[in-house]
Amino acid sequence: MESYESVLLVKSEVFVFKLPPRATNRAYRAADWNLTEPQWTGRMRLVTSGKDCILKLEDKNTGELFAKCPIDKYPGVAVESVSDSSRYFVLRIQDDNNGRTAFIGVGFSDRSDSFDLNVALQDHFKWVKKSEEIEKEKEDPKPELDLRFKEGETIKINMKITKKDGSEVSSKPKTRPTSGGILPPPPGGVKIAPPPAPSVNSSPSHQPATAKPESWGEFAERRQFCCCSPGNTKQSQLGTVLRSLITNL
């Protein structure tokens, strides 16, 4: 089955120049050409047939083929840029009858035309490279990865669980305190009441003042009063003795 021809780019005006003999291996320069007198003027068409890409130079009016340039890769020998301008190129044209090749210079009056040619060639050969990679994968498919669990094989998953308030839940089990160890602090919601404040009356400075000690005379008089009560003879005698002692003092 033959591939149909696809047109990638058409430019209505292109100039063809004769190249002077190349003395050295340095890059081509458009300034060395006779740019004021082009050898031929016509249109350019860039067409593809499958992976083949051909640049054709044709007559503007009749469409007669003037020359064609088969392009096997880009950048390459078939289409080469000059060193002093982005609007000019060197093409390697080929004769289908005898297979002979020759080099000619081509150029555009507008820089955007040369930019379009560059982009069209780059896009085509990117597609060719991608197609070759796909075909190669079909011929040599990659071995499929066996992701199934082997017999007795297990996996461990660490899950990160968060509470409603955004704090993380620890997956480690809580350890209970051993005897003799330090007790953990109480939960955040339980508060221990502080010790009661000391009472005002419990302070030694607030104790009630004790009675003033009695003198010996006051004590003796009070004893005398008690001893002199009726019906208590022994106490009366004791009071008499106490008074005599006071008198002697």
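Mentor: Let us begin with a term. A residue counts as buried when its relative accessible area is under 20%, and as exposed when that area is over 50%. The model before us is predicted.

Trainee: Is K68 buried or exposed?

Mentor: K68 has a relative accessibility of 16%, so this residue counts as buried.

Trainee: Which residue meets the side chain of K68 in a salt bridge?

Mentor: A salt bridge requires a side-chain nitrogen of Lys or Arg within 4 Å of a carboxyl oxygen of Asp or Glu. Here the partner of K68 is D96, with 2.3 Å from N to O. Because K68 belongs to strand 4 and D96 to the loop between strand 6 and strand 7, the pair ties together parts that are 28 residues apart in sequence. D96 counts as exposed, at 52% relative accessibility.

Trainee: How many salt bridges does a search of the whole structure find?

Mentor: The search finds 10. Among them is the bridge between E13 and K60, at 3.9 Å from N to O. E13 lies in strand 1 and K60 in the loop between strand 3 and strand 4, so this pair joins parts 47 residues apart in sequence. E13 is partly exposed, at 31%, and K60 is partly exposed as well, at 39%.

Trainee: In what order do the strands of the sheet stand?

Mentor: The open sheet has seven strands in the order 4-3-2-1-7-6-5, with antiparallel pairing. Its edge strands are strand 4 (65-71) and strand 5 (79-81), each of which pairs on one side only.

How values were computed. Residues are numbered from 1 along each chain as its sequence is written. This is a predicted model: local features need pLDDT of at least 70, side-chain atom pairs count only at pLDDT 80 or more; totals for chains, interfaces and linings use all residues. Side-chain values use heavy atoms; hydrogens and water are left out. Two strands pair if DSSP finds at least two bridges between them. Helices (H or I, at least four residues) and strands (E, at least two) are DSSP runs, numbered from the N terminus. Buried means under 20% relative accessible area, exposed over 50%, partly exposed in between (1.4 Å probe, protein chains only).
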